[in-house]
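Reader: Could you take me through how to read a helix and its surroundings in a model of this kind?

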Amino acid sequence: MLTVIFVMSFVCYMLLGLMPGDPVDLLISADPNLTSEDAARLKALYGLDQPLFNRYLNWLAAALQGDFGYSRLYAKPVLEVLWGALERTLVLMSIAFLLSVLLAIPTGMLAARRIHTPTDYSINFLCFAGISIPSFWLALMLILLFSVILGWLPANATPLGEVGFFQKAQALILPVITLSLVSIGGVTRYVRSSMYETLHQDYITTAYAKGLSESQVVWRHGLRNSMIPVVTILSLDLGAFFSGAVIVEIMFAYPGMGKMLFDAINGSDYNLALVGLLLATLVTLLANFLADISYVSLDPRISYQEQSK
Amino acid sequence: MTRTQLFIRRMMLHRVAVVCAGILSLLFLFALSAPILEMLLNTDASKVNLFSRYLPFSLQHPLGTDDLGRDLLVRLAYGGRVSLLVGFTAAIIAAAIGTSIGLIAGYFGGWLDTLLMRTTDSVIALPLLPLLIVLAVIDLEKLGIPASIANHQDIGLYRIIVIVSLVGWTGVARLVRGSVLSLRERPYITAARAMGVPAKRIIFTHILPALTSPITVATTLSVGNIILFESILSFLGLGINPPTPSWGNMLTNAQELIWEAPTLAFFPGMLIFITVLAFNFIGDGLQDALSPRSKKR
């Protein structure tokens with residue numbers, strides 16, 4: 001995992017180095033009194049006259065000591081800006097994730113039990129619709145319906161001024177719905193196919209044969225066993241889920257990681273963009289790691305102690 | 001029955017996929033007929049006309065006009081050309097990258113396999129959208145590409161094809177590797193190897209042809225995803241640059257204008273939605289029709 005982070009930090013640094021302009025160019029354009037000598041001195045001060053690779057080494061040395069630099073847009077240390085944003089993104093993502101998983105499991109199971117019936121086909125169609133819908137357009141349409149036409153919910157996810165918990169929650173409804181709707185289709189399809197395979201195993205037949213009721217068989221014997229592949233795929237999908245959150249945050253002006261990254265890249269805030277990208281990667285990797293751990297509770301046969309390679 | 005007939009019969013069983021193929025052909029015709037439509041309606045879809053902004057539906061402008069007084073229907077047709085072009089080209093490039101990586105990893109195995117598949121898994125797990133945004137704004141001149149090319153007006157189109165294919169190959173790579181792993185243990189491959197056929201020839205004449213169906217399925221499924229990525233980037237103002245219309249960038253202004261002109265937000269997104277849905281269903285249908293083990297639905 002550490003290797004991936006190192007490689008990512010290098011790749012991201014190089015990519016951001018290829019972005020148009022550099023911090024001093026921005027200073028020059030902001031202040032007409034700067035002479036070219038000043039600019040050269042500033043560039044030397046920031047180390048911008050050195051090759052990109054040396055700059056990366058300098059950045060890495062500072063970063064390893066916990067110094068990630070200042071954000072240009074927010075005029076605060078990068079980490080300070082990032083923690084708040086990360087927290088807000090995690091709130092948004094976890095609510096949406098819980099919602100879509102909680103809805104997808106019963107729906108997928110229903111489809112698997114009624115496979116190749118109109119119920120299954122309708123669920124399948126809706127899943128495909130969810131996978132195919134452009135998330136930003138879905139957000140636009142929800143804003144159009146609930147904010148413009150009906151006027152029930154705010155289109156902006158951050159209410160202005162001091163507001164109570166209720167208003168904050170109300171402002172989160174549309175972003176959460178959008179994010180859940182675009183991810184629920186995929187999850188349901190995984191649950192359906194995994195459940196379908198599980199239901200054709202011998203031990204399920206045995207369970208029926210010993211007289212268990214259908215709901216006992218499906219919920220107790222079927223669900224847990226069918227969840228293992230689902231957890232794998234879900235953890236691999238977390239990157240895509242984060243991408244979805246980026247769109248939702250931009251659309252609803254929700255000040256999370258995604259919105260901040262987008263603003264940082266657009267506003268040439270290199271430090272913020274770099275650390276933000278790395279943090280997003282780190283969080284995704286950590287989530288993958290958590291998924292690995294959750295196997296153990298799902299399947300007692302898997303143990304990480306014996307697997308000492 | 002020949003294989004083709006069998007394939008067509010199986011495909012026909014997947015009714016939704018057939019309907020989707022029909023819808024997609026109509027969309028293609030619509031995109032292709034953009035200049036004809038423009039001529040028939042007697043408008044110029046690239047000309048700004050501030051006196052005819054936000055016109056409602058009419059015979060002259062069947063879907064009305066946009067914020068700059070341009071005919072929405074004709075612009076949708078031109079935008080469709082861009083979106084479909086990007087979708088197909090990028091999907092094919094991505095399939096080529098994915099196939100090569102999957103073939104190498106699956107056939108040669110060992111550390112090469114581990115390295116390539118670890119890379120693939122990392123790319124899948126990464127939050128791709130922020131990376132795409134960075135890739136979309138990098139300065140081509142700093143990469144050593146001459147200014148005459150870097151500032152060309154169509155560069156947005158080529159750039160988006162390249163960056164989307166750079167991230168779109170992972171699905172194909174995994175699929176191809178999986179198939180190669182099982183294929184290369186088949187007796188006919190072992191026989192070929194025993195006769196001393198060079199690896200290159202085994203790959204190209206014995207393995208690759210057997211992979212046509214999984215690659216076709218994966219590519220079809222990826223077209224939809226790629227169109228989604230293109231539309232997102234163009235929507236954010238990082239893909240296809242106006243005035244060239246694409247379904248994504250036609251939505252850019254729509255968010256601010258949602259009070260004045262909701263139809264501007266509705267139609268381009270609806271077309272993206274229908275196109276992506278159609279590609280996904282066709283991919284699903286192809287999967288059922290091409291995989292020999294699939295049961296009759």
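Predicted model: local features only at pLDDT ≥ 70, side-chain atom pairs only at ≥ 80, totals over all residues.

Reader: What span does α7(A) reach, and what is expected?

Author: Helices are DSSP runs (H or I, at least four residues), numbered from the N terminus, and the expected span is 1.5 Å times one less than the number of residues. With 15 residues, α7(A) reaches 20 Å from its first C-alpha to its last, close to the 21 Å expected at 1.5 Å a residue.

Reader: Where is the kink in α7(A) centred?

Author: A bend at a residue is the angle between axes fitted to the seven residues ending there and the seven starting there. In α7(A) a kink of about 25 degrees is centred on A:I143.

Reader: Which residues of α7(A) are buried?

Author: A residue is buried if 20 or more other C-beta atoms, placed from the backbone, lie within 10 Å of its own. Among the buried residues of α7(A) are A:W137 and A:I143.

Reader: How many residues does the contact take from chain A and from chain B?

Author: Two residues are in contact if their C-beta atoms, placed from the backbone, lie within 7 Å. The contact takes 34 residues from chain A and 36 residues from chain B.

Definitions and conventions: Residues numbered from 1 in each chain as written. Chains lettered and ligands numbered in written order. Helix = DSSP H or I, 4+ residues; strand = E, 2+ residues; numbered from the N terminus. Buried ≥ 20, exposed ≤ 12 C-beta atoms within 10 Å, placed from the backbone.
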